[in-house]
Amino acid sequence: MSLIFKRIEYMCTYCGKKETRSPSMGRPQPGKCPRKNGDKPHSWVINRRLG
Ligand SMILES: [Zn+2]
């Protein structure tokens with residue numbers, strides 16, 4: 001594996017919440033997004049990779 005990033009910062013495109021995880025942890029828990037109606041999960045996208 002040539003993956004050398006130690007941290008990946010995810011951000012929800014709806015509410016702007018950020019969560020930093022290690023690559024081995026995978027994506028954050030879907031959770032509940034306060035900006036969406038009902039019990040909708042966050043829309044996580046990778047915001048940036050931290051070395
Ligand atoms: Zn959200």
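Analyst: Helices (H or I, at least four residues) and strands (E, at least two) are DSSP runs, numbered from the N terminus. On that basis Arg27, the residue examined here, is placed in the loop between strand E2 (18–21) and strand E3 (44–50). The model is predicted, so local features need pLDDT of at least 70 and side-chain atom pairs pLDDT 80 or more, whereas totals for chains, interfaces and linings use all residues. Residues are numbered from 1 along each chain as its sequence is written, and side-chain values use heavy atoms, with hydrogens and water left out.

Of its 51 residues, 22% count as buried (under 20% relative accessible area; exposed is over 50% and partly exposed in between, with a 1.4 Å probe and protein chains only).

Arg27 itself has 49% relative accessibility and therefore counts as partly exposed. Leaving aside residues up to four places away in sequence, Arg27 touches Tyr10, Arg21, Trp44 and Val45, a contact being heavy atoms within 4.5 Å. With Trp44 there is also a polar approach: a polar atom of the Arg27 side chain lies 2.6 Å from the backbone oxygen of Trp44. The C-alpha atoms of Arg27 and Ile46 are 9.0 Å apart, although 19 residues separate the two along the chain.

Arg21, one of the residues that Arg27 touches, forms a salt bridge with Glu19 at 3.8 Å, N to O (a side-chain nitrogen of Lys or Arg within 4 Å of a carboxyl oxygen of Asp or Glu). Arg21 counts as buried because its relative accessibility is 12%, while Glu19, at 25%, is partly exposed. The whole structure contains three salt bridges. Another of them joins Arg48 and Glu9, whose closest N and O atoms are 3.0 Å apart. Since Arg48 lies in strand E3 and Glu9 in strand E1, this pair ties together parts 39 residues apart in sequence. Arg48 is partly exposed at 45% relative accessibility, whereas Glu9 is buried at 7%. The side chains of Lys32 and Asp39 also meet in a salt bridge (3.3 Å, N to O), and both of these residues are exposed.

The protein donors are Cys12 (SG), Cys15 (SG), Cys33 (SG) and His42 (ND1), lying 2.0 to 2.4 Å from the zinc ion; donors are N, O and S atoms within 2.8 Å of the metal (3.2 Å for Na, K and Ca). Their sequence spacing is C-x2-C-x17-C-x8-H. The angles among the four donor atoms run from 104 to 115°, and the site is tetrahedral (all angles between 85 and 135 degrees). For comparison, the ideal angle for four tetrahedral donors is 109.5 degrees. Cys33 is buried, at 2% relative accessibility, while Cys15 is partly exposed, at 25%.

Methods:
A polar contact is a pair of N or O atoms within 3.5 Å; within protein, one must be able to donate a hydrogen and the other to accept it, and residues adjacent in sequence count only if both atoms are side-chain atoms. Four donors count as tetrahedral if all angles lie between 85 and 135 degrees; four count as square planar and six as octahedral if opposite donors are over 155 degrees apart and all others between 65 and 115; anything else is irregular.
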